[in-house]
Amino acid sequence: MKNRTKQFIQHLSHDIEDEDKAEEYLDESLPLIGLVVMYFNSLEKSLDSFICEIVSDRSDAPGLIVIQKLMYAAKVDLFKRFSEDFHRCFSTPSDFNNLVGELVDVGKLRNLVVHADWSSTDEEGYTFVRLKSSSNGMLQEYVQFSVESLEKLIEQLINANHQLSNYWEWRSDQLQDHLRSDS
């Protein structure tokens, strides 16, 4: 996703020269925004399930109590800490850090999409996402949510969910092997 900034001067305003073209751009993007939300929610629910399983394999209730008011980033951190503790007893898969990085990255990208000010989208697809402080004062940051970049984010979300599932399968195999060797 491309981004650009513009100097904030007294009032938050956005330059939209061709509103019809901007509306056309939004019409193409809106279904993809919905898919970003849907695939992100699926990923977060998978993460919730795995944390619940780590906390107790008998019932989801203790895990749900633990994660009940946690935001996504806190859940990723909790998952990472539980997993690192597990790795101290077993091993660390080579792609674990990539998985955690991907979980963090898609969370940040999803936040950009869902918290963007879509009414500020211009004819090039640049949408206001936040104010940033700089040594020159406040800057308005815009991200270009192109159809291609949204499709790429959807693929990233699907891939992150697959990576998480593969990790969980690896973790389960480690536990099963350990139980077999103890018998």
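## Exercises on core and ring packing

Arg-171 lies over the face of Phe-86, at 4.2 Å from the ring centre. The model is predicted. Work through the exercises below with the structure open.

**Exercise 1. Find the second ring that has a charged end over it, and name the arginine.**

Solution. Start at Arg-4. Its charged end sits over the ring of Tyr-126. The distance to the ring centre is 3.8 Å.

**Exercise 2. Classify the pair of Trp-118 and Phe-145, then decide whether each residue is buried or exposed.**

Solution. Take the geometry. The centres are 4.9 Å apart and the planes are at 40 degrees, and the pair is tilted. Now the positions. Trp-118 is in the loop between α4 and β2 (126–134). Phe-145 is in the loop between β3 (137–144) and α5. The two are 27 residues apart. Last, burial, with a cut-off of under 20%. Trp-118 has 18% relative accessibility, so Trp-118 is buried. Phe-145 is at 0%, so Phe-145 is buried too.

**Exercise 3. Describe the largest nonpolar core and the surroundings of Phe-145.**

Solution. The core has 38 residues. Among those with the most contacts inside it are Leu-43, Tyr-72, Leu-103 and Phe-145. Two or more residues come from each of α1 (19–55), α3 (72–89), α4 (96–115) and α5 (147–182). Helix α1 gives the most, with 11 residues. Now look around Phe-145. Beyond four places in sequence, its contacts include Met-1, Tyr-25, Leu-112, Val-113, Trp-118 and Leu-150. As background, nonpolar side chains in soluble globular proteins tend to be buried together.

**Exercise 4. Which side chain makes a polar contact with the side chain of Asn-161?**

Solution. Asn-161 is found in helix α5. Its relative accessible area is 14%, so Asn-161 counts as buried. Beyond four places in sequence, Asn-161 is in contact with Ser-42, Leu-43 and Ser-46. The polar partner is the side chain of Ser-42, at 3.3 Å.

Definitions and conventions: Residues numbered from 1 in each chain as written. Predicted model: local features only at pLDDT ≥ 70, side-chain atom pairs only at ≥ 80, totals over all residues. Heavy atoms only, no water. Core = buried A, V, L, I, M, F, W, Y, C linked by side-chain atoms within 4.5 Å. Buried < 20%, exposed > 50% of the residue type's maximum accessible area, 1.4 Å probe, protein only. Helix = DSSP H or I, 4+ residues; strand = E, 2+ residues; numbered from the N terminus. Contact = heavy atoms within 4.5 Å. Phe/Tyr/Trp six-rings, centres within 6.5 Å; stacked < 30°, edge-to-face > 60°. Lys NZ or Arg CZ within 6 Å of the ring centre and 35° of its normal. Polar contact = N/O pair within 3.5 Å; in protein donor to acceptor, adjacent residues only side chain to side chain.
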